[in-house]
Amino acid sequence: MKYYAIIVAGGSGNRMQTETPKQFLLLKNLPVLMHTIKAFAQSDTQPKILLVLNKDQQAYWARLCEEFNFHVPHQVIDGGTERFHSVKNAIHAIEEESYVAIHDAVRPLVSKSLIDNCFNEAELQGNVIAAVQSSDSVRLLRDDKTTALKRDEIYLVQTPQTFSISILKEAYNQEFDTHFTDDASVVESIGYEINIIEGERGNIKITYPIDLELAELLLKN
Ligand SMILES: Nc1ccn([C@@H]2O[C@H](COP(=O)(O)OP(=O)(O)OP(=O)(O)O)[C@@H](O)[C@H]2O)c(=O)n1
Ligand SMILES: C[C@](O)(CO)[C@H](O)COP(=O)(O)O
């Protein structure tokens with residue numbers, strides 16, 4: 001079987017509010033994105049790596065690779081307007097029967113074992129996504145009123161999100177919908193049931209400045 005990792009790094013990081021997009025910021029002296037790519041390169045599965053980057057940032061990335069002597073093999077794919085379009089561009093580049101893990105570039109702390117478990121489970125079940133249960137109480141806002149939800153029924157979804165390429169091609173053939181906040185929501189919308197695997201509390205998404213500080217603390221030397 002063939003394996004691919006689509007690492008989506010085509011965003012502009014508005015919530016982070018830094019001039020340099022967050023995927024290129026330094027985390028323990030190495031750009032965030034390089035930590036993420038290394039995690040996949042060190043996994044037992046050894047997927048082919050497709051890196052999705054905004055066209056305007058590809059020359060900058062090439063310079064960073066030289067500066068940091070970064071030689072992990074990867075293919076660069078053009079980013080799209082939304083995360084959905086970035087993923088879709090990468091899916092088009094895959095032509096063989098395979099399992100594909102889609103992962104946010106800005107989740108650099110993902111472990112090798114989570115990556116391998118996701119590939120193994122997807123091969124058994126067709127798809128699997130990493131998620132953790134909420135440790136906070138949660139409330140639903142509707143019509144200006146909030147109501148408590150059953151916490152045990154709430155999962156916080158992470159990446160990797162791993163699927164057979166045939167499911168992905170079918171799902172990403174549809175039009176973009178604003179409810180598509182991840183790959184599981186795209187696949188689910190065409191009728192597939194989504195399987196969950198236990199994620200990692202340390203597999204945080206760098207979204208706000210405090211997340212980068214947390215990642216510095218969590219990253220092992
Ligand atoms: N058009 C886009 C938008 C997002 N992403 C990627 O999807 C991941 C998750 O998105 P998010 O954290 O929202 O990143 P940004 O869109 O960059 O951040 P913001 O929403 O704050 O602007 C990131 O690795 C981001 O680079 C992408 O590849 N293409
Ligand atoms: C894919 C994701 O990381 C799963 O939690 C999340 O939905 C991405 O959301 P964002 O708003 O694009 O950061």
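**View 1. The shell around ligand 1 in the predicted model.** Strand S1 (2-9) and helix H3 (83-92) each contribute at least two residues to the shell around ligand 1; helices (H or I, at least four residues) and strands (E, at least two) are DSSP runs, numbered from the N terminus. Of the 21 residues around the ligand, those that come nearest are Val8, Gly10, Gly11, Asn14 and Arg15, a residue being near a molecule if its C-beta atom, placed from the backbone, lies within 6 Å of it. The shell comprises five nonpolar, eleven polar and five charged residues. Here Ala, Val, Leu, Ile, Met, Phe, Trp, Tyr, Cys and Pro count as nonpolar, Asp, Glu, Lys and Arg as charged, and the others, Gly among them, as polar.

**View 2. The open sheet of seven strands.** The strands follow the order S5-S4-S1-S6-S10-S7-S11, with mixed pairing; two strands pair if DSSP finds at least two bridges between them. At the edges, strand S5 (75-78) and strand S11 (196-198) each pair on one side only.

**View 3. The pairing of strands S7 and S11.** Strand S7 (residues 127-133) and S11 run parallel and are joined by three bridges. Ala131 stands opposite Glu198 in S11.

**Notes on all views.** Residues are numbered from 1 along each chain as its sequence is written, while chains are lettered from A and ligands numbered from 1 in the order in which they are written. This is a predicted model, in which local features need pLDDT of at least 70 and side-chain atom pairs count only at pLDDT 80 or more, whereas totals for chains, interfaces and linings use all residues.
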